[in-house]
Amino acid sequence: MAALSALAQDNRLDVFRLLVQAGPDGMTAGAIAEALDLPPNTLTFHFDRLRMAGLATVRRAGRSMIYAAQFETMNALLGFMTEYCCGGASCLPAAACKPARKRANVPA
């Protein structure tokens, strides 16, 4: 499975974790580079691998490239892992992962 191969590299796993935390809105390439202290050319290589594996998408917003996690692929990977690696035992997830919703700023 291409997704497992893509996530087997530490920097790509870190990028993917950050994208999952960012939710459906994603993050700019610059913000990811800064958060993970990775040079842009290295990050581009990792983004390409995640996109080819179906784990991330990219869209242009002005001059910025916005990357986001593909939650459908992530859920399919989790399903594969629980079905084939756990033998359907009690490690099945209770529910599919969903992107976090942004909370409205509500004064306390």
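Which residue forms a salt bridge with Arg-17? Select Arg-17 and look for Asp-14: the two form a salt bridge, and their closest N and O atoms are 3.5 Å apart. The term salt bridge is used when a side-chain nitrogen of Lys or Arg is within 4 Å of a carboxyl oxygen of Asp or Glu.

Before you click on, a word on what you have open. This is a predicted model, where local features need pLDDT of at least 70 and side-chain atom pairs count only at pLDDT 80 or more, while totals for chains, interfaces and linings use all residues. Residues are numbered from 1 along each chain as its sequence is written, and side-chain values use heavy atoms, with hydrogens and water left out.

**Stop 1: the whole chain**

Switch to a cartoon view. The chain has five helices and three strands, and along the sequence they follow the pattern α-α-β-α-α-β-β-α. Helices (H or I, at least four residues) and strands (E, at least two) are DSSP runs, numbered from the N terminus. Now show the surface. The accessible surface of the chain is about 7,200 Å², and 54% of that belongs to carbon and sulfur atoms; such areas come from the Shrake-Rupley method with a 1.4 Å probe, and for residues only the protein chains shown count as cover.

Of the 108 residues in the chain, 28% are buried. Buried means under 20% relative accessible area, exposed means over 50%, and partly exposed is in between (1.4 Å probe, protein chains only).

**Stop 2: back to the salt bridges**

There are two salt bridges in the structure. Go back to Arg-17 and Asp-14: they are three residues apart in helix α2, so about one helical turn separates them. Arg-17 is partly exposed at 46% relative accessible area, and Asp-14 is partly exposed too, at 30%.

Next, select Asp-48 and Arg-51. This salt bridge has its closest N and O atoms 3.0 Å apart. Both residues are in helix α4, three residues apart, or about one turn of the helix. Asp-48 is partly exposed, with a relative accessible area of 29%, and so is Arg-51, with 36%.

**Stop 3**

Hide the surface and go inside. In soluble globular proteins, nonpolar side chains tend to be buried together. Here the largest nonpolar core has 23 residues, and those touching the most other members are Val-15, Phe-16, Leu-19, Ile-32, Leu-43, Leu-50 and Leu-55. At least two residues of this core come from each of α1 (2-7), α2 (10-22), α3 (29-36), α4 (40-52), β3 (64-69) and α5 (71-85). Helix α2 gives the most, with five residues. A nonpolar core is a set of buried Ala, Val, Leu, Ile, Met, Phe, Trp, Tyr and Cys residues joined through side-chain atoms within 4.5 Å.

**Stop 3: two rings**

Phe-47 and Tyr-67 form a stacked aromatic pair, 3.6 Å centre to centre with 10° between the planes. Rings of Phe, Tyr and Trp (its six-membered ring) pair if their centres lie within 6.5 Å, and planes under 30 degrees apart count as stacked, over 60 as edge-to-face and the rest as tilted. Phe-47 is in helix α4 and Tyr-67 in strand β3, so the pair ties together parts that are 20 residues apart in sequence. Phe-47 is buried at 1% relative accessibility, and Tyr-67 is buried at 8%.

**Stop 5**

Select Leu-77, in helix α5. Is Leu-77 buried or exposed? Leu-77 is buried, with a relative accessible area of 9%. Not counting residues up to four places away in sequence, Leu-77 touches Met-1, Ala-3, Leu-4 and Leu-7.

Now click on Met-1, in the segment before α1, which counts as exposed at 55% relative accessibility.

Finish at Asp-37, in the loop between α3 and α4. Most residues other than glycine have a negative phi. Asp-37 is not a glycine, yet its phi is positive, about 55°. Asp-37 counts as exposed, at 70% relative accessibility.

Notes:
Contact = heavy atoms within 4.5 Å.
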